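This report is meant for someone opening the structure for the first time.

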Amino acid sequence: MKTFAQLLDRLVLTPSRNAKLQLLRDYFATTPDPDRGIALAALTGRLDIASVKPAMLRGLMAERMDDTLFRLSYDYVGDLAETIALVWDPQPTDATQDNEPASLSTIVESLQMAGKTQAMSILTGWLDRLDASGRYALLKLLTGGLRIGVSARLAKLALADYGKIDVTSIEELWHGQEVPFTALFAWLSGKSPKPTQTAAAPFRPVMLANALVEADREKLDAALYAAEWKWDGIRLQATSEAGVKRLYSRTGDDVGRAFPDLLEAMDFEGSIDGELLVAKPGSESVLEVGSFGDLQQRLNRKTVSKKLLASHPVFLRAYDLLEEGGENLRHLPFLERRKRLEKFVSQLESSRFDLSPMIDFGTWDQLAEQRANPPHVAIEGVMIKQWDSVYQPGRPKGPWFKWKRDPMLIDAVLMYAQRGHGKRSSYYSDYTFGVWTEDGALVPVGKAYFGFTDDELKQIDKYVRENTVDRFGPVRSVIARPDFGLVFEVAFEGLNRSKRHKSGVAMRFPRISRLRWDKPPGEADTLNSLEKLIS
Amino acid sequence: MTPAQLLHPTPKGLYCPPGDFYIDPVTAVPRALVTHGHADHARAGHGAVWATRQTLDIMAIRYGSDHCRQPMPTEWRDKVKLNGVTISFWPAGHVLGSAQILVQYQDLQIVVSGDYKRGNDPTCAAYEAVETERPIDVFITEATFALPVFRHPAPEDEIAKLLRSVDQFPQRTHLVGVYALGKAQRVIGLLRRAGYDETIYIHGALEKLCSYYIDQGIELGDLQSATLDKGQKDSFAGKIVLGPPSAFVDRWGRRFADPISCFASGWMQIRQRAKQRGVELPLILSDHCDWDELLVTIKELNPREVWVTHGRDDALIRWCELNQIKARPLNLVGYEEENE
């Protein structure tokens, strides 16, 4: 328990991804089973224990401590678990009693056996025996949701690091492994062979493409490649086997709950790789694709209302067929798989599944022209796939390329700069930029913190320090007038309407593409010109 | 005479009319008693200053030897008469030279704690309870960490946390933010006690005070200034570097290899507070009493009344109420939260 508490303490405050990975890897390497497996389950949201409600904890504190003192403490700290962990006054414990919560497994086991009232008294006993950091970890564990800035994906990457294997192997096995992942750890530590996948409808690691560089293109023979549109949705794997239906994200997370409409329509035996898109309602025969903004309405929801299901129906635009009726197709060439896919999709519910159309082209120049004039706004470029490529997990170099449409560009004026984190904490490295409104004021339209070189960062930092107008904690506002200021050329992938932003627009994936020291700020773009770019 | 007639708050600080002196005045006054050398308690420009020898030395280091017209060094526990008011200085355990001041006049006994702590500190005289023949009428206490959430862990454990991280991340520099007077030397002293005998690097702002501590016989081991010859960015990898926190987020901090920012302060107990400051490794090391130490001290001294100076007075006054101790806030202005 102590090492887990120390791990949480460090992870909460560590901004660097590499440092987080190292902390996790070291933890997995030095913690015995089954505790490391339980920690892994907690980090990846797979730990299933009776949770303790905040109201129960408040009740417990009311019995032990003056109300006013507790309220003053809670007001100051702002987090219930942390407040209790800190103010807890341990009662002298009976040394003969043997319920020291030395390990995560003891905690999980005892709670699984205990009833609700019993659970509270067990908890009280543990809080008496742990130190503040242990109490915090325990309470976070029991109230659910660690919220320590570690995604399931990061935990899996750390596992892969620890076992010196590719993360796709972890993703492939993930859904068949039971907490506390003993077989998985035995394999990663080299003590036993790779566990076999026994679960029905497992995730199959996804094949990804490399970005096409101009120089590469000249070397490629266009005749050997197929091309299709790159749709701007969510890459998804729809797998249905032996009555088990699952929708996996490209990193192997089960996301089916958010898309019951699609899940329901999965009347097949097999596994399809495709893009999740939103259809305009009523577009039954030929599915008309909604914008990415429409799709966003359906993302990150725990439950989906009937109204939303009707107004924003989702469907899968199929790219590839990985498995059909128990037969693995992944070793077949793309040409072969594509033929099987066309036949397969034709038998599916047409309002939920359709085929990603191929692009007819003879030369790269012809393809470039199509790419420059896509038939739909939800297209973000083209995909190029070797006709004879097998389906390989990961991002192999060569068989597949993505050739994204050129980003949108605007010139915006630097308004605020914020200090970075970790390595960049001595630099003003996060920039808010704005464009001109009709009445000649600047309105912020986005924020970016990359796209520039280290040298450019030094120059901007110097500029910010020398042209500060005001400071608010870690943020400085800088001079931004039509006749004086710093102009950024900002690149981004798309623009949506947004009620949350003052400007009414939100950029997707904005980054600084060029510093325009030469450009007078008065000549930067206007909100009007920006609005014309909304898809 | 009532206690409030003997000592009461004014905009310049605590004032004693019969003795005609201020304690820790925030502006220049003719006669001042100074508890310790932190800048918000010890200001320059007074007429006569009564303080311990070490506090006067520290003031001279910070402000120059002409920081006051007449330094009046006092020995521990020696009774000094000022216009018939008897004063004496007692160790407060806060930083080198820090004192509590006992003010006695006629039948009245008032203890002014200044800043104090009860925890282990190898770099200054430990807190000592004031001894009086009569019961103490008023204990004037600080309340910097007067909330039940502040329970400072053992300093040794915090130092172990730092050393564990140095082990785990040998390619990175550990930058430890410390206050120049007291905290810096305490962190160094604790590191040495934990067996860390490598060179510790310090920022220029710490040098004079560290040298003074060493002159006073406090062992700090090998210290070097954290200066850098051009082209040696990796020379601090795996090392511990101490400096004022403000320097780390400034351009000075850029010279270090992939730094981990650490901060030694009682405030680090609250995770959100650490996060806001961008601290990766908080070290909960305080030069003030935590909640339990405040309560223990009040119980031990058993004063008739508690007056609370700067800090979180509402919680401490609530606790006094619950324990039938008369208490009131003094609302003194001009004292900063430690290191904010």
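## A six-stranded sheet in chain B

In chain B, six strands form an open sheet in the order E1-E2-E3-E4-E5-E6, with mixed pairing. Strand E1 (8-10) and strand E6 (68-74) of chain B stand at the edges with a single partner strand each, so one side of each is left without a neighbour in the sheet. From one strand to the next, the twist averages 30°. Helices (H or I, at least four residues) and strands (E, at least two) are DSSP runs, numbered from the N terminus, and two strands pair if DSSP finds at least two bridges between them.

This is a predicted model, in which local features need pLDDT of at least 70 and side-chain atom pairs count only at pLDDT 80 or more, while totals for chains, interfaces and linings use all residues. Residues are numbered from 1 along each chain as its sequence is written, and chains are lettered from A and ligands numbered from 1 in the order in which they are written.

Within this sheet, strand E2 (residues 13-16) of chain B and strand E3 (residues 21-23) of chain B run antiparallel and are joined by three bridges; Leu14(B) has Ile23(B) in E3(B) as its bridge partner. Helix H2 (residues 53-63) of chain B lies across strand E5 (46-52) and E6 of chain B, and runs at about 130° to E5(B). For such angles, axes are lines fitted to C-alpha atoms, for helices over the stretch in contact, and the angles run from 0 to 180 degrees between N-to-C directions.

## A four-stranded sheet in chain A

Chain A has an open sheet of four strands in the order E1-E10-E9-E2, again with mixed pairing. Its edges are strand E1 (210-211) and strand E2 (225-231) of chain A, each with a single partner strand, so one side of each is left without a neighbour in the sheet. Strand E9 (residues 379-386) and strand E10 (residues 400-404) of chain A run antiparallel, joined by five bridges, and the bridge partner of Met383(A) in E10(A) is Lys402(A).

## Domains

Domain bounds come from an automatic or database domain assignment. For chain A this assignment gives domain 1 (2-143), domain 2 (210-402) and domain 3 (408-531), and the C-alpha centres of domain 1 and domain 3 of chain A lie 42 Å apart.

For chain B the assignment gives domain 1 (3-149 + 288-329) and domain 2 (155-283), with 30 Å between their centres, taken over C-alpha atoms. Here 17 residues of domain 1 of chain B are in contact with 16 residues of domain 2 of chain B, where contact means that the C-beta atoms of two residues, placed from the backbone, lie within 7 Å.

## Where the chains meet

Between the chains, 23 residues of chain A are in contact with 28 residues of chain B. Helix H1 (2-13), helix H5 (67-77) and helix H6 (80-87) of chain A each supply at least two residues of the side of chain A that touches chain B, and the largest share of that side, six residues, comes from H5(A).

## Helix packing within chain A

Helix H2 (residues 17-30) and helix H10 (residues 152-163) of chain A pack at an angle of about 60°, with their axes 9 Å apart, and are therefore oblique to each other. The residues of H2(A) in this contact include Leu21(A), Leu24(A) and Phe28(A), and those of H10(A) include Leu154(A), Leu157(A) and Tyr162(A).

## Backbone details

Most residues other than glycine have a negative phi, and most peptide bonds are trans. The peptide bond from Asp33(A) to Pro34(A), however, is cis, with omega near -5°, and Pro34(A) is found in the loop between H2 and helix H3 (35-43) of chain A. The peptide bond from Val179(A) to Pro180(A) is cis too, with omega near 10°; Pro180(A) lies in the loop between helix H11 (167-174) and helix H12 (182-188) of chain A.

Phe509(A), a residue other than glycine, has a positive phi, near 55°, and is found in the loop between strand E18 (505-508) and strand E19 (511-516) of chain A.

Definitions and conventions: Parallel < 35°, antiparallel > 145°, perpendicular 65-115°, else oblique.
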